[in-house]
Amino acid sequence: MDHPTILLCGATGALGGAIARRFHARGVPFRALVRPATDPGQLPDLGADVVRGDIRDPASLAAAVTGVGTVVSTVNAIGRLLGGAHDISIRDVDDRGYANLIAAAEAAGVERFVYVSMLGDHAAAHTPFTDAKAATERRLRASAIREVIIRPDAFQEVWLGPAGGFDLAAGTVRIYGKGTARRRHVAIDDVAEAVVRLTLADDPPRTADLAGPEAMSAVEAVDAFQRRLSRPLRTTHVPRVAMRVGKTLMRPVKPEVASIMGMALASDLADTPIGDEGFRSLGIDPRPSSAWIEAAATTA
């Protein structure tokens, strides 16, 4: 089946790379927007038509979206900011950058825009990052483009990994809050598969909420890791009051840290409100958190 030309933004990241590999495996041609100074990595080997541009630079987007039928974007700034980047901001990428990309896509006559956002209860955290996500959703709905907004719960690889406080190599765990809320963490590969299926569908839903098959709290995850490792993990808790204060005080100086504090607090206050029906409706059998724990513990 022939498909409209696809522009993939964020293809050098973990989720974007998984999407790119799936396009290649299906024989679906795609264009990849890569920042001028960024190594495209495996993208040329995957058959991607690499175009240079940056969503912060409106002038660089016209060529990228010309002739494109569908834009797929996983771009965000928070990962790079937490990794020490100083040349970007949440405002310039996740808010203004997406405004640039949507405007360019609309001007070029793009028909569909597949956007990876986040599950609604995370978005309610009202942090710089979640507010930017919500603003992008609103812009897409107000545009002439058919939006497909994908809202996954938190990633297993992130929130049940070193970045989320589960440092198995060091034998330590940092739990945000009480750690008793039961979340349905999702696998990056499962979300990538959902993105591809929705991108290629004839008539996809405008919104797809995705949660994993297994509800598990942070405290339960620690217990599962300890059983699998046959050793204790030194566990500390970040108090909720500290997260509330950090969310407010860090907003003007470190919006990425304020965002993490706010999202972690929101996750600690409520269970994931949905099940895995979003994946099941797409014919995907999602990986449970316990399977991720088994795999991560095996390589620790």
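D92 and R96 are 4 residues apart in helix α4 (residues 90-107), a separation of about one helical turn. Helices here are DSSP runs of H or I with at least four residues, strands are runs of E with at least two, and both are numbered from the N terminus. The structure is a predicted model, in which local features need pLDDT of at least 70 and side-chain atom pairs count only at pLDDT 80 or more, while totals for chains, interfaces and linings use all residues. Residues are numbered from 1 along each chain as its sequence is written, and side-chain values use heavy atoms, with hydrogens and water left out.

The side chains of D92 and R96 form a salt bridge, with an N to O distance of 3.9 Å. A salt bridge is a side-chain nitrogen of Lys or Arg within 4 Å of a carboxyl oxygen of Asp or Glu. By this rule there are 23 salt bridges. D92 has a relative accessible area of 28% and is partly exposed; R96, at 45%, is also partly exposed. Buried means under 20% relative accessible area and exposed over 50%, with partly exposed in between (1.4 Å probe, protein chains only).

A salt bridge also links E147 and R206, at 2.9 Å from N to O. E147 lies in strand β6 (residues 146-152) and R206 in the loop between α8 and β9 (207-210), so the pair ties together parts that are 59 residues apart in sequence. E147 is buried, at 6% relative accessible area, whereas R206 is partly exposed, at 43%.

In a further salt bridge, the closest N and O atoms of R22 and E193 are 3.0 Å apart. Because R22 belongs to helix α1 (residues 14-26) and E193 to helix α8 (residues 188-200), this pair ties together parts 171 residues apart in sequence. Both R22 and E193 are buried. Salt bridges with shared partners join R22, R26, D189, E193 and R197 into one network.

An open sheet contains 3 strands in the order β7-β8-β10, with mixed pairing. β7 (166-167) and β10 (234-238) are at the edges and have a single partner strand each, so one side of each lacks a neighbour in the sheet. Two strands pair if DSSP finds at least two bridges between them. β7 and β8 (residues 172-176) run antiparallel and are joined by 2 bridges; the bridge partner of F166 in β8 is V173.

Helix α11 (residues 255-269) has 15 residues, of which 12 are buried. Among the buried residues are E256, I260, M263 and D268. The expected span of a helix is 1.5 Å times one less than its number of residues. For α11 this gives 21 Å, which agrees with the 21 Å between its end C-alpha atoms.
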